[in-house]
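Thanks for making the time this morning.

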Amino acid sequence: MTTENSPAQKSFDVSKYTINTSDRELVDVVVGDDKFKVEIKPLTWFKKNQLITDCMTFTTDGETKFNGSKYVKEVLKEIVTDAPWGKTTDAFLLSINADLGQALEAIVPKAFLTDELDIDSVKKE
């Protein structure tokens with residue numbers, strides 16, 4: 001444990017690792033010949049893990065299932081803060097065609113990094 005005046009504590013800058021609520025990014029979404037901007041906010045480490053957990057189910061025999069479509073839907077509702085269509089809702093996402101859906105899916109952070117986790121090896125504890 002470090003004390004208040006230790007060098008280790010003074011050199012750690014937590015602000016380098018936190019996401020501010022004002023952090024926003026404008027991304028281009030391209031659908032065919034159309035191109036428009038969407039404002040997104042970063043997904044925090046905790047929120048991403050929470051969404052992944054909410055999208056996983058465990059069978060009685062210990063197998064896991066990941067609901068990728070639910071993950072994409074919930075992440076889009078979480079990260080899109082300003083878009084030409086207004087608020088990103090379930091009703092909006094259910095009404096769009098595959099072209100716009102695929103373009104929006106491209107801005108969703110991957111649930112799993114291939115080196116990080118093999119989804120087939122996740123077991124219920």
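This is a predicted model: local features need pLDDT of at least 70, side-chain atom pairs count only at pLDDT 80 or more; totals for chains, interfaces and linings use all residues.

Let me start with strand E1, residues 25-31, and strand E2, which pair in the antiparallel sense over seven bridges. Within that pairing, Val27 has Val38 in E2 as its bridge partner. The hairpin that E1 and E2 make has two residues between the strands, and Gly32 there takes a positive phi near 60°.

Stepping back to the whole protein chain, we have five helices and five strands, and reading along the sequence gives the pattern α-β-β-α-β-β-α-β-α-α. Of the 125 residues in the protein chain, 26% are buried. If we take the contacts between residues at least 6 apart in sequence, 53% of them join residues at least 24 apart.

Which residues does Ile107 contact, once its neighbours within four places in sequence are left aside? They are Val27, Ile40, Leu76, Ile79 and Val80.

Let me turn to helix H3 itself, residues 68-79, which has twelve residues and reaches 16 Å from its first C-alpha to its last, close to the 16 Å expected at 1.5 Å a residue. Its buried residues are Tyr71, Val72, Val75, Leu76 and Ile79. Those five cover an arc of only 125° around the axis, which puts them on the same side of H3. As for what the buried residues of H3 pack against, the partners are E2, helix H2 (45-54), strand E4 (64-66), E5, H4 and helix H5 (98-105).

Next, the aromatic rings, where the count comes to six aromatic pairs. One of them, Phe12 with Tyr17, is stacked, at 5.6 Å centre to centre and 5° between the planes, and both Phe12 and Tyr17 are exposed. Another, Phe36 with Trp85, is edge-to-face, at 5.9 Å centre to centre and 90° between the planes. Phe36 lies in strand E2 (residues 34-40), whereas Trp85 lies in the loop between strand E5 (80-82) and helix H4 (90-95), so this pair ties together parts that are 49 residues apart in sequence. Is Trp85 buried, exposed or partly exposed? At 22% relative accessibility, Trp85 counts as partly exposed, because buried would require under 20%. Phe36 and Trp85 also belong with Phe92 to one aromatic cluster.

I will finish with Ala106, which lies in the segment after H5. Ala106 has a relative accessible area of 65% and is therefore exposed, the cut-off for that class being over 50%. The C-alpha atoms of Ala106 and Val29 are separated by 8.6 Å, although these residues are 77 apart along the chain.

How values were computed:
Residues are numbered from 1 along each chain as its sequence is written. Side-chain values use heavy atoms; hydrogens and water are left out. Rings of Phe, Tyr and Trp (its six-membered ring) pair if their centres lie within 6.5 Å; planes under 30 degrees apart count as stacked, over 60 as edge-to-face and the rest as tilted. Buried means under 20% relative accessible area, exposed over 50%, partly exposed in between (1.4 Å probe, protein chains only). Helices (H or I, at least four residues) and strands (E, at least two) are DSSP runs, numbered from the N terminus. The expected span of a helix is 1.5 Å times one less than its number of residues. The arc is that of the directions from the helix axis to the C-beta atoms. Contact means heavy atoms within 4.5 Å. Two strands pair if DSSP finds at least two bridges between them.
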